[in-house]
Amino acid sequence: MASLKDVARLANVSLMTVSRAINNPELLKPETLKQVQEAIRNLNYVPDFSARKIRGKGSKVSTVGVLALDTATTPYSVEIILSIEQTARQFGWSSFVVNITSNEDNERAVRQLLSQRPDGIIYTTMGLREVSIPEGLHKNHLVLANCIDVQKRLPAYIPDDYNGQYNAMRKLIEKGYRKPLCLYIPKETLAGNIRRKAVESAWRDAGFATEVLQQYHLAMGDEHYLDVVGLINNHCKNGQPDFDVVVCGNDRIAFLAYQVLLGKGIHIPKDVAVLGYDNMIGVGELFYPPLTTVVLPHYQLGEQAALHIIEQRKNNGTQYVACDLLERSSI
């Protein structure tokens with residue numbers, strides 16, 4: 001386990017400077033603070049607060065409070081919560097989570113969170129969306145993760161869905177695919193519209209007409225995922241697909257696309273390629289062949305939101321976190 005001396009040595013500063021970075025970061029120059037924090041992160045150093053209590057040097061530990069709307073209960077986005085906890089711990093902070101189960105539950109959740117007197121608050125959601133932030137939070141050090149406020153006045157860290165989808169589409173074009181069948185998530189979602197625009201932009205930039213794109217949005221509701229079956233069937237006349245790649249709005253759509261295509265004896269990617277989106281944890285490698293997908297940076301969203309609080313970053317508007325293409329064997 002790394003020690004305080006290890007951090008000081010790596011950061012090339014004194015022990016006192018490391019102590020100040022942990023206990024009184026406002027006393028350090030921003031460059032020095034960043035240098036120490038990088039050393040702490042690289043060494044995974046965890047300050048010993050129990051020893052501090054014994055020495056009588058205070059027991060107040062800075063705290064991040066997390067308001068989680070569906071995030072902590074959804075396997076796809078729980079990494080946001082995990083990264084907040086781990087990042088806070090690396091810098092000697094503690095964290096706690098208050099779940100919001102519905103819009104009507106906001107008031108109760110806000111009261112519960114504020115009663116703990118957190119030093120900073122992260123509001124996070126499952127799935128990119130616009131949110132109305134309760135008035136009771138506006139006077140606090142607040143940052144959003146995976147969501148934006150309706151009036152776009154608050155700092156937020158969200159996935160760069162546009163460039164993630166754009167770059168993935170460019171990769172398909174480079175590989176020679178010319179007849180995509182695009183099955184997007186619902187148009188009522190922010191991500192659904194952003195990703196469609198990115199597909200169309202990449203297609204136009206390659207010199208093709210968007211009119212030839214075969215594009216569909218699923219309707220809202222989990223029950224409509226089964227609509228994927230009918231959509232693919234409609235584009236397979238006499239068992240022959242009129243598309244050479246299925247561009248899926250998420251990995252769940254890709255999972256259904258695999259079943260339909262393989263059930264028809266269509267080989268992936270020899271006959272038809274499949275592109276997913278999300279990189280659902282523990283799922284991508286279970287596809288056969290393994291699914292090429294765009295990674296939603298859930299861990300990085302939580303990490304950046306936590307660092308926003310810990311480093312006392314000023315309000316910097318909406319920050320986009322890269323969505324990288326994870327190329328496997330399906331394209």
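Predicted model: local features only at pLDDT ≥ 70, side-chain atom pairs only at ≥ 80, totals over all residues.

Author: Start with a term. Helices are DSSP runs of H or I with at least four residues, and strands are runs of E with at least two, numbered from the N terminus.

Reader: What is the phi of Q312 near?
Author: First the general idea. Most residues other than glycine have a negative phi. Now the case here. Phi of Q312 is near 55°, a positive value, and Q312 is a residue other than glycine. Q312 has a relative accessible area of 43%, so Q312 is partly exposed.

Reader: Which loop holds N238?
Author: The loop between β8 (236-237) and β9 (240-241). N238 is not a glycine, yet its phi is positive, about 55°.

Reader: Why does N238 count as exposed?
Author: Exposed means over 50% relative accessible area. N238 counts as exposed because its relative accessibility is 79%.

Reader: Now peptide bonds. Is the bond from I268 to P269 cis or trans?
Author: The general idea again: most peptide bonds are trans. The bond from I268 to P269 is cis, with omega near 0°. P269 sits in the loop between α10 (251-263) and β11 (273-275). The bond from Y288 to P289 is also cis, with omega near 0°. P289 is found in the loop between β11 and β12 (293-294).

Reader: Is Q215 buried or exposed?
Author: Buried means under 20% relative accessible area. Q215 has 15%, so Q215 is buried. Q215 belongs to strand β7 (residues 214-217).

Reader: Which side chains have a polar contact with that of Q215?
Author: The side chain of Y184 does, at 2.5 Å. The side chain of E200 does too, at 3.1 Å. Beyond its neighbours within four places in sequence, Q215 has contacts that include C182, R196 and V199.

Reader: Last, two helices. At what angle do α1 and α3 pack?
Author: Helix α1 (residues 4-11) and helix α3 (residues 30-43) pack at about 125°, and their axes are 9 Å apart. Angles of 65 to 115 degrees count as roughly perpendicular, and those over 145 as roughly antiparallel. Therefore α1 and α3 are oblique to each other. Their crossing is right-handed.

Reader: Which residues of α1 meet α3?
Author: D6, V7, L10 and A11. Their partners in α3 are Q35, V36, A39, I40, N42 and L43. By type, the contact of α1 with α3 has seven nonpolar residues, two polar and one charged.

Methods: Residues numbered from 1 in each chain as written. Heavy atoms only, no water. Axes fitted to C-alpha atoms, helices over the stretch in contact; angles between N-to-C directions. Parallel < 35°, antiparallel > 145°, perpendicular 65-115°, else oblique. Left-handed = near helix turned anticlockwise from the far one by under 90°. Contact = heavy atoms within 4.5 Å. Nonpolar A, V, L, I, M, F, W, Y, C, P; charged D, E, K, R; others polar. Buried < 20%, exposed > 50% of the residue type's maximum accessible area, 1.4 Å probe, protein only. Polar contact = N/O pair within 3.5 Å; in protein donor to acceptor, adjacent residues only side chain to side chain.
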